[in-house]
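Welcome! Open the model in your viewer, keep the selection tool handy, and follow along stop by stop.

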Amino acid sequence: MSTIAPSSAAVAFRDGARESFGVPSAVLGAGYLGFGALAAGHDFSLFAALLSTAAIWALPGQVVLVEMHAIGAPLLAVVSTVMLTSARFLPMTVALMPLLRAPRHSRVAFYLAAHLVAMTGWAAAMRRCPELPPDARLAYFVGFALTNWGTSFLCTALGYLLADGLPPLVKLGFVFLSPVYFLLILTGDARTRATVLALVCGALAGPVAHLVVPGWSVLAGGVAGGTLAYLALRTGERRG
């Protein structure tokens, strides 16, 4: 990974694309191999699978889309559910955009960049952008995320075409590889007290929320874990 701050948008874009190759794109690509195979197994058309990757680009929402399509769920229910599964991107985008903001970029550029917010690119940008000049941060993020997006698109098609040769457990394993990788990234970057508290409290609150309200466990666990981490941090600061 480069440690030299890029001096231009073109260099930053190239650095982002280069850093996206390798493990980040390989893990994300494996997830989309699984999704492509899953879509083929549910009689979801190749065009629809590719369109979902281009337009939604969020594995949980896409898996829900395929499975609700398979059981013939109403369109409104499908759209609402996919939107709810993607709600986590709102706080991620709110946290990332101030980091990317620079006077030379138009507001339209940020709206377009918001579509590229995904777990892998978000984690990389949150880690690398503070080291970069403000004018180079958006280009770095777009270079990284576009490489991931293109890999996801190609792997969706590849997984769809190879579906008959993949066992069901392997398909599901590929789909869940990306969240595991995201967890490992967050754990590796946990260098502040606030980050460690958030991870620990979330890890504790998630299983408890699943036992109490299984249908809302992700949302309830996130709110409860984040609130606990905030209160613990504030209590620690007051005590010095």
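**First stop: threonine 147**

Threonine 147 sits in helix α9; helices here are DSSP runs of H or I with at least four residues, numbered from the N terminus. Leaving aside residues up to four places away in sequence, threonine 147 touches Ala17, Ser20, Phe21 and Ser25, where contact means heavy atoms within 4.5 Å.

A word on the model: it is predicted, so local features need pLDDT of at least 70 and side-chain atom pairs count only at pLDDT 80 or more, while totals for chains, interfaces and linings use all residues. Residues are numbered from 1 along each chain as its sequence is written, and side-chain values use heavy atoms, with hydrogens and water left out.

**Next: the core**

Now select Tyr32, Phe35, Leu96, Leu100, Val117, Tyr140 and Phe141. Of the 45 residues in the largest nonpolar core, these touch the most other members. Such a core is a set of buried Ala, Val, Leu, Ile, Met, Phe, Trp, Tyr and Cys residues joined through side-chain atoms within 4.5 Å. At least two core residues come from each of α2 (23–41), α4, α5, α6 (89–100), α7 (107–114), α8 (119–128) and α9 (134–161). Which helix gives the most to this core? That is α9, with 10 residues.

Zoom in on tyrosine 140. Not counting residues up to four places away in sequence, its contacts include Ala12, Phe13, Asp15, Ala124, Arg128 and Leu132.

**Then: a helix pair**

Show α4 (residues 59–70) with α5 (residues 75–85): their axes come within 8 Å and cross at roughly 160 degrees. Axes are lines fitted to C-alpha atoms, for helices over the stretch in contact, and angles run from 0 to 180 degrees between N-to-C directions. The two helices are therefore roughly antiparallel, a label for angles over 145 degrees. To see where they meet, select Pro60, Gly61, Val64, Leu65 and Met68 in α4, then Ala77, Val78, Thr81, Val82 and Thr85 in α5.

**Last stop: two loops**

Aspartate 43 lies in the loop between α2 and α3 (46–55), and tryptophan 57 in the loop between α3 and α4. Phi is positive at aspartate 43, near 60 degrees, and at tryptophan 57, about 50 degrees. Which is the relative accessibility of aspartate 43, and is the residue buried or exposed? Aspartate 43 counts as exposed at 69%, whereas tryptophan 57 is buried, with a relative accessible area of 3%.

Definitions and conventions. Parallel < 35°, antiparallel > 145°, perpendicular 65-115°, else oblique. Buried < 20%, exposed > 50% of the residue type's maximum accessible area, 1.4 Å probe, protein only.
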